[in-house]
Amino acid sequence: QGNGLFATKSDGSPEDTQSKIGGAVNFRLSDTVLKYGNQFVASPVFSTDDSRLLPEVATGTLITSKEIKGLELTAGRFTGISSQTGMFHDSLHLPSANIAGATYQFTDNLVGGVAASDVDDYFKKQYVNLNYTLPIAESQALNFDFNGYRTSSQGKELAGDVDNKIWSLAAAYSLGAHKFTLAHQRSTGDSGYYYGVDGGGTIFLASSVQYSDFNSKEGRSLEARYELNMA
């Protein structure tokens with residue numbers, strides 16, 4: 001109870017059961033796919049969250065094209081998103097969201113991406129990413145990852161007056177199954193970084209972790225992380 005795993009009844013106790021049902025159709029032409037219906041989405045500016053028993057599910061249309069080698073283009077429009085404890089299609093009350101993005105593999109080691117969203121009566125959001133990997137030896141590599149967002153409220157400003165810029169830069173050294181990361185993240189503007197109505201996973205930043213995202217107004221964070229691949 002109270003941990004976001006289950007919906008609650010009027011008396012505050014957890015529901016005995018909860019479930020979701022939905023479907024989607026795909027159309028493919030060459031290396032372009034159009035998907036319509038209920039779906040999981042993983043765009044930096046619109047990303048459904050799957051950190052609970054039931055994942056968020058978005059309703060809408062998404063086009064993904066890989067016609068040009070190394071270039072992936074996406075565009076979509078979504079009119080609903082269910083929360084992880086909500087059992088109807090728009091429990092997060094999304095008016096509508098239009099998204100677009102592009103990712104390009106410049107070299108085997110360098111990838112860049114941009115994305116943008118327009119969430120009606122909430123905000124407009126832009127995103128940029130650069131990721132570079134420097135191979136050192138057969139089992140060693142150094143990776144640099146930069147992520148940045150700019151968000152500005154619009155329309156009815158249902159999220160309040162949002163004016164935020166936030167970015168992170170991470171450097172990670174991999175040695176076999178071991179990975180050591182140092183990262184810095186900084187938020188500026190008249191508000192913190194806002195997300196949620198556009199999906200609980202819409203925060204592609206280095207310091208977004210299980211218990212805190214360090215995305216408040218004027219927030220700064222320095223992260224040191226060690227990871228072990230148990231496989």
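Are Tyr122 and Phe123 buried or exposed? I looked them up before anything else. Tyr122 is buried, and Phe123 is buried too. I note here that I am working with a predicted model.

**Entry: the chain as a whole**

I asked how many helices and strands the chain has. I found 0 helices and 13 strands.

Along the principal axes, the C-alpha trace spans about 55 × 45 × 40 Å. I then checked the radius of gyration. A compact globule with 231 residues would have a value near 17 Å, and the chain has 19 Å, which agrees.

I looked at burial next. Of the 231 residues, 35% count as buried. The accessible surface is about 13,100 Å². Carbon and sulfur atoms hold 55% of that surface.

I also checked contacts along the sequence. I took contacts between residues at least 6 apart in sequence. Of these, 50% join residues at least 24 apart.

**Entry: aromatic rings**

How many aromatic pairs does a search of the whole structure find? I get 10 aromatic pairs. I went back to Tyr122 and Phe123. Their ring centres are 6.2 Å apart and their planes stand at 75°, so I write this pair down as edge-to-face. The cut-off I need here is that planes over 60 degrees apart count as edge-to-face.

Then I took Tyr149 and Tyr193. Their ring centres are 4.9 Å apart with the planes at 40°, so this pair is tilted. Where do the two residues of this pair lie? Tyr149 is in strand β10 (residues 140-153). Tyr193 is in the loop between β12 (178-189) and β13 (220-228). The pair therefore ties together parts that are 44 residues apart in sequence.

I checked burial for both. Tyr149 has 3% relative accessibility, so I count Tyr149 as buried. Tyr193 has 5% relative accessibility, so Tyr193 is buried as well. The cut-off behind both calls is that buried means under 20%.

Both tyrosines also belong to a cluster. I list Tyr127, Tyr149, Tyr193, Tyr195 and Phe204 as one aromatic cluster.

**Entry: Gln39**

I picked a polar residue, Gln39. Gln39 sits in strand β2 (residues 32-39). Is Gln39 buried or exposed? At 3% relative accessibility, Gln39 counts as buried.

What does the side chain of Gln39 reach? I find the backbone oxygen of Gly60 at 3.1 Å. I then listed the contacts of Gln39, leaving aside neighbours within four places in sequence. They are Thr48, Val57, Ala58, Gly60, Thr61, Leu62 and Phe78.

**Entry: positive phi angles**

I looked for residues other than glycine with a positive phi. His93 has phi near 55°. His93 is in the loop between β6 (71-82) and β7 (97-105). With a relative accessible area of 54%, His93 is exposed.

Glu157 has phi near 50°, again a positive value in a residue other than glycine. Glu157 is in the loop between β10 and β11 (163-175). With a relative accessible area of 34%, Glu157 is partly exposed.

**Entry: salt bridges**

I reminded myself of the idea. Side chains of opposite charge can pair when their charged atoms come close. How many salt bridges does the structure hold? I get 4 salt bridges.

One of them joins Lys66 and Glu72. Their closest N and O atoms are 3.6 Å apart. Lys66 is partly exposed, at 47% relative accessible area. Glu72 is partly exposed, at 31%.

Then I turned to Arg225. Arg225 meets Glu223 in a salt bridge at 2.7 Å, N to O. Arg225 also meets Glu227, at 4.0 Å, N to O. Arg225 counts as partly exposed at 31%. Glu223 counts as buried at 11%. Glu227 counts as partly exposed at 32%.

Which residues do shared partners join into one network? I write down Glu223, Arg225 and Glu227.

Key: Residues numbered from 1 in each chain as written. Predicted model: local features only at pLDDT ≥ 70, side-chain atom pairs only at ≥ 80, totals over all residues. Heavy atoms only, no water. Phe/Tyr/Trp six-rings, centres within 6.5 Å; stacked < 30°, edge-to-face > 60°. Buried < 20%, exposed > 50% of the residue type's maximum accessible area, 1.4 Å probe, protein only. Helix = DSSP H or I, 4+ residues; strand = E, 2+ residues; numbered from the N terminus. Polar contact = N/O pair within 3.5 Å; in protein donor to acceptor, adjacent residues only side chain to side chain. Contact = heavy atoms within 4.5 Å. Rg over C-alpha atoms; globule rule 2.2 N^0.38 Å. Areas by Shrake-Rupley, 256 points an atom, 1.4 Å probe, with all protein chains shown as cover. Salt bridge = Lys/Arg side-chain N within 4 Å of Asp/Glu carboxyl O.
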